[in-house]
Amino acid sequence: MPHVRSAAERDNGSGGDVTPGTPSPTHGARVRQRKRSSDAPSDVNKTNGANLLLNDQNKYKSMLIRTYSSLWMMAGFVFLIYMGHLYIWAMVVVIQIFMASELFNLLRKANEDRQLPGFRLLNWHFFFTAMLFAYGRFLSRQLVNTVTSDKLLYKLVSGLIKYQMFICYFLYIAGFVWFILTLKKKAYKYQFSQYAWTHMILLMVFAQSSFTVANIYEGIFWFLLPASLIAINDVAAYFFGFFFGKTPLIKLSPKKTWEGFLGASVTTMLSAFVLANLMGHFQWLTCPRKDLSTGWLHCDPGPIFTPESYDLPGWIPWREVAIMPIQWHALALGLFASIIAPFGGFFASGFKRAFKFKDFGDSIPGHGGFTDRMDCQDLSVETILEQILRNLTFEEQHDLYEQLGKLLTRGN
């Protein structure tokens with residue numbers, strides 16, 4: 001008499017029949033199922049060298065959407081560069097707010113939040129406290145140089161700058177007390193994990209952005225060139241991998257290929273050398289700004305933006321070529337953008353796979369969220385002088401002055 005396989009056997013993929021006297025898996029023993037890995041989604045585990053972006057059936061549709069989004073972003077970015085430093089800073093702040101919103105919602109549990117009214121507001125309290133802390137010192141010079149006609153407003157701004165650290169400390173302590181007062185039974189673990197998550201977000205969002213804003217006011221060039229190189233590297237890696245990618249680069253990002261990585265590196269280095277020369281001719285990009293105004297700028301660009309002549313070998317038609325010193329520095333930035341910057345994307349890919357989601361958000365069609373797009377800044381001379389005046393006594397400053405004088409005399 002034919003024997004019918006049980007549902008449990010079909011689920012387990014067993015090929016044999018149940019013999020008489022053998023207990024059914026549904027009654028006695030527990031059915032043992034193969035444990036699936038939680039490190040990556042199932043589609044990632046199936047990915048191999050033959051299933052890269054090169055063989056993706058929907059790649060042209062995805063590329064078209066991504067291209068349209070990129071063109072719109074580029075147009076908006078160019079407009080903000082034309083508007084000036086203050087508007088670029090505003091763009092950075094808006095991006096930070098979007099990034100924080102995406103990250104706050106990342107591990108949010110709706111059922112837990114419904115039991116904790118006002119808990120999301122506490123996250124934003126810490127966010128704006130961190131913003132005041134990150135930008136307060138930077139504003140100290142720009143605001144004082146800008147607000148001079150209105151005495152009342154000048155006193156208000158001066159007071160805010162003078163007590164900025166105290167205000168930030170008070171706001172943080174207030175948020176800490178607020179958090180303690182909102183603790184509820186059966187939600188302790190969730191609340192403390194969200195508290196730690198909030199602080200990680202603040203570190204991720206503000207650690208480098210404060211340096212970015214300082215660089216903007218030292219000259220748009222120092223913001224625009226590195227940002228452009230990162231974008232060029234990302235786009236070049238996508239297109240080289242799209243058309244030539246066959247060899248997987250790293251398991252965290254199965255669609256990243258060695259062909260895309262190497263092609264993007266060469267493209268980024270060449271772009272760095274050329275863009276540094278183009279941008280170096282515009283005072284709007286190279287001149288620093290000392291206040292929050294938006295007027296035109298005039299300054300001496302300095303020797304780093306002054307072309308130097310280099311003799312060429314006799315077999316080349318041109319006798320000499322003019323190269324700015326900044327172009328050699330740009331090669332170092334291009335090398336950094338080619339080798340180190342992609343690892344920020346790998347970090348984000350690993351993070352997303354750990355929590356089993358595709359993107360941080362869906363704010364930008366074809367690109368994901370703002371956090372997905374924001375995946376070596378220098379201190380200015382004014383910042384160093386401010387630290388010297390604030391932290392050294394008059395005698396120590398005088399001694400430093402004499403030591404610097406001796407070093408400069410030796411150099412000459």
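User: Why are H11 and H12 called roughly antiparallel to each other?

Analyst: This is a predicted model. In it, helix H11 (residues 220–244) and helix H12 (residues 258–279) pack at an angle of about 150°. Angles over 145 degrees count as roughly antiparallel. The pair is therefore roughly antiparallel. Their axes are 8 Å apart, and H11 passes H12 in a right-handed crossing.

User: Which residues of H11 and H12 make the contact?

Analyst: From H11 come Phe221, Leu224, Leu225, Ser228, Leu229, Ile232, Asn233, Ala236, Ala237, Phe240, Gly241 and Phe244. From H12 come Glu259, Gly260, Gly263, Ala264, Ser265, Thr267, Thr268, Ser271, Ala272, Leu275, Ala276 and Met279. By class, that contact has 14 nonpolar, 9 polar and 1 charged residues.

User: How do you know that the span of H12 agrees with its 22 residues?

Analyst: At 1.5 Å a residue, H12 should span 32 Å. The expected span is 1.5 Å times one less than the number of residues. The end C-alpha atoms of H12 are 31 Å apart, so the two values agree.

User: What makes Thr268 buried?

Analyst: Buried means under 20% relative accessible area. Thr268 has 0%, so Thr268 is buried. This residue is found in helix H12. Leaving out residues up to four places away in sequence, Thr268 touches Leu229, Ile232, Asn233, Gly334, Ala337 and Ser338.

User: Which other residues of H12 are buried?

Analyst: Among them are Gly260, Phe261, Gly263, Ala264, Ser271, Ala272, Leu275, Ala276 and Met279.

User: What makes H4 and H9 roughly antiparallel?

Analyst: Helix H4 (residues 85–104) and helix H9 (residues 188–206) pack at an angle of about 155°. The cut-off is over 145 degrees, so H4 and H9 are roughly antiparallel to each other. Their axes are 10 Å apart. The crossing of H4 past H9 is right-handed.

User: Where do H4 and H9 meet?

Analyst: In H4, the residues are Gln96, Met99, Ala100, Leu103 and Phe104. In H9, they are Gln194, Trp197, Thr198, Ile201, Met204, Val205 and Phe206. By class, this contact has 9 nonpolar, 3 polar and no charged residues.

User: How do you know that Trp197 is buried?

Analyst: Trp197 has a relative accessible area of 9%. Buried means under 20%, so Trp197 is buried. Trp197 is found in helix H9. Trp197 and Asn123 are 74 residues apart in sequence and 9.6 Å apart in space, C-alpha to C-alpha.

User: Why are H8 and H9 called roughly antiparallel?

Analyst: H8 and H9 pack at an angle of about 160°, with their axes 12 Å apart. Over 145 degrees counts as roughly antiparallel, so the label applies to H8 and H9. Their crossing is right-handed. Tyr172, Phe176 and Phe179 in H8 meet Gln191, Phe192, Tyr195 and His199 in H9. By class, this contact has 5 nonpolar, 2 polar and no charged residues.

User: What makes Lys186 exposed?

Analyst: Exposed means over 50% relative accessible area. Lys186 has 85%, so Lys186 is exposed. Its place is in the loop between helix H8 (164–181) and H9. Lys186 has a positive phi of about 70° although it is not a glycine.

Definitions and conventions:
Residues are numbered from 1 along each chain as its sequence is written. This is a predicted model: local features need pLDDT of at least 70, side-chain atom pairs count only at pLDDT 80 or more; totals for chains, interfaces and linings use all residues. Side-chain values use heavy atoms; hydrogens and water are left out. Axes are lines fitted to C-alpha atoms, for helices over the stretch in contact, and angles run from 0 to 180 degrees between N-to-C directions. Helices (H or I, at least four residues) and strands (E, at least two) are DSSP runs, numbered from the N terminus. Angles under 35 degrees count as roughly parallel, over 145 as roughly antiparallel, 65 to 115 as roughly perpendicular and the rest as oblique. A crossing is left-handed if the near helix is turned anticlockwise from the far one by less than a right angle, and right-handed if clockwise. Contact means heavy atoms within 4.5 Å. Ala, Val, Leu, Ile, Met, Phe, Trp, Tyr, Cys and Pro count as nonpolar, Asp, Glu, Lys and Arg as charged, and the others, Gly among them, as polar. Buried means under 20% relative accessible area, exposed over 50%, partly exposed in between (1.4 Å probe, protein chains only).
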